[in-house]
Amino acid sequence: MTERTYLNWPFLEESHRQLANDFRIWADQKIAPLSDHEPRDDAGLDALARELVKRFAAGGWLQYSVPAPWGGKYPSLDVRALCLMREILAQYSGMADFSFVMQGLGSGPISLFGSEVMRRKYLPDVASGRRIAAFALSEVDSGSDVAAMKTNARLDGEHYILNGAKTLISNGGLADQYVVFCRTEDSPGARGLSALVVEANTPGLEVTDRFNVIAPHPLGRLEFKDCRVPASNLLGEPGDGFKIAMSSLDVFRSTVGAAALGFARRANTEAIAQARQRISFGKPIADYQLIQEKLADAALKIDAAALLVYRSAWTKDTQGGRVTREAAMAKLYATEMAQEVIDQAVQISGGMGVVVGSTVERLYREIRGLRIYEGTSEIQKLIIAGEALSVVEGEEAMKAAE
Ligand code: COS
């Protein structure tokens, strides 16, 4: 049983507490049995991802991936609900967490910036699981440096002609639709980017590679060769792409922190059980102060991360606007602390902790990618430092103007 007092924190409302309780009961029945299922082959992974989306849809849980007018539960994407759900799923299965959140992230730019026609066309099918969604941002030479992307689209009458390649795309090869970020304008850097919804069956779109990663998830490389995409599939205005990508990440980065929190909580539960059961030198290892220090550190870090995650989610839900700083802090701290907590859970588990198939071994692999995707830890630090510097610079400029 993991710690649940955080559900009483003032960041959450009664509807969130109810959601967390209901979702945990459901996940215990429908997701827990899939926890140890880790297919390595593409077909097995795709089948598992489809099965998970089907189960989420049947439970009505994908309604949390889109806003209410288009089949969703809350009037706008509710970050606290998404965080609670990811945190719970991560305690059972990294793949379940992945398949759930990709429906939200993959359609997030449509929820946030799509026209009424686009929202009506795509979002209800995402919420019902009829369509699987994906977010195609990264390129070989443009991971952290989004503005350096080379994929481009040129307007030709009523269509954009899209050329280029995207790499390490979640749900690549499985998705029915991709939000593809590309260069459409002559303006340099961030200002020249746009976002297009590209359907998977568009001629010229090919999935040319799949990636086998340490914690298996469906990830593909997409290639676009003269793909004709209706100009009406543009999100926002031409040149809005960078803002659309960053605004989507403002919503979803806190939820990455929440998933990390879930992995850490599960590892800590395993570590506590091990510490109480395992006898060494005539007594349970939990009686030794060196083990107690590890348990104390884990409890402290988990609570600190939870405070940052739910602070960020609450700020976005209640105040709107940008939460780039809060989300960066939540993602950075929660993913880094989860790596440490899981590592110590492996240590407490001793030799069995590194046996393939043990829960802590799986978590040890699951957590690693979270320190990289949706902005590396290093990028989060740059964002936090940049915001700190801009506050001081802003104050100085105000003083000078007085
Ligand atoms: N919401 C809305 N607008 C935003 C924004 C946000 N969160 N962040 C930046 N912008 C806007 C800025 O306001 C600025 O607009 P103006 O030119 O009109 O002033 C513009 O976008 C450029 O912003 P900024 O100068 O801050 O961008 P930088 O190039 O300095 O930094 C970083 C951008 C490095 C922080 C960004 O590229 C980033 O987060 N990279 C990581 C990307 C990532 O997560 N990749 C993983 C792929 S997804 S798995």
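By the criterion applied here, 24 salt bridges were counted, a salt bridge being a side-chain nitrogen of Lys or Arg within 4 Å of a carboxyl oxygen of Asp or Glu. The structure is a predicted model, in which local features need pLDDT of at least 70 and side-chain atom pairs count only at pLDDT 80 or more, while totals for chains, interfaces and linings use all residues. Residues are numbered from 1 along each chain as its sequence is written, and side-chain values use heavy atoms, with hydrogens and water left out.

Arginine 130 is paired with aspartate 125, with 2.8 Å between the closest N and O atoms. Both residues belong to a network of salt bridges that links Lys121, Asp125, Arg130, Arg131 and Glu199. Arginine 130 counts as exposed because its relative accessibility is 59%; the classes are buried (under 20% relative accessible area), exposed (over 50%) and partly exposed (in between), computed with a 1.4 Å probe on protein chains only.

A further salt bridge joins arginine 266 and glutamate 270 at 3.0 Å, N to O. These two residues are four residues apart in helix H6, and therefore about one helical turn separates them. Helices (H or I, at least four residues) and strands (E, at least two) are DSSP runs, numbered from the N terminus. Arginine 266 is partly exposed, at 21% relative accessibility, and glutamate 270 is also partly exposed, at 25%.

The salt bridge between arginine 371 and glutamate 336 likewise has an N to O distance of 3.0 Å. This pair connects distant parts of the chain, 35 residues apart: arginine 371 lies in the loop between H9 and H10, and glutamate 336 lies in helix H8 (residues 324–349). Glutamate 336 is partly exposed, at 22% relative accessibility. Helix H8 also contains glutamate 326, which counts as buried because its relative accessibility is 15%. Leaving out residues up to four places away in sequence, glutamate 326 touches Arg311, Ser312 and Thr315, where contact means heavy atoms within 4.5 Å.

Pockets were also examined. On a 1 Å grid over the protein atoms alone, a pocket is an open set of points where a 1.4 Å probe fits, with protein on both sides within 12 Å along at least five of seven lines; lining residues have an atom within 4 Å of a point. Grid points are joined across faces, edges and corners, and a volume is the space filled by probe spheres set on the points.

Among the elements supplying at least two lining residues are helix H4 (94–113) and strand S3 (159–170), while H6 contributes the most, with eight. The lining has 23 nonpolar, twelve polar and eleven charged residues; Ala, Val, Leu, Ile, Met, Phe, Trp, Tyr, Cys and Pro count as nonpolar, Asp, Glu, Lys and Arg as charged, and the others, Gly among them, as polar.

The second largest pocket has a volume of about 250 Å³. Of its 16 lining residues, Ser76, Leu77, Asp78, Lys316 and Asp317 are the closest to the centre. Aspartate 78 is located in the loop between helix H2 (42–59) and helix H3 (79–92). Aspartate 78 is buried but has no salt bridge, and the nearest side chain of opposite charge, arginine 80, is 4.1 Å away. For charge, Lys and Arg count as positive and Asp and Glu as negative, with His and the chain ends not counted.
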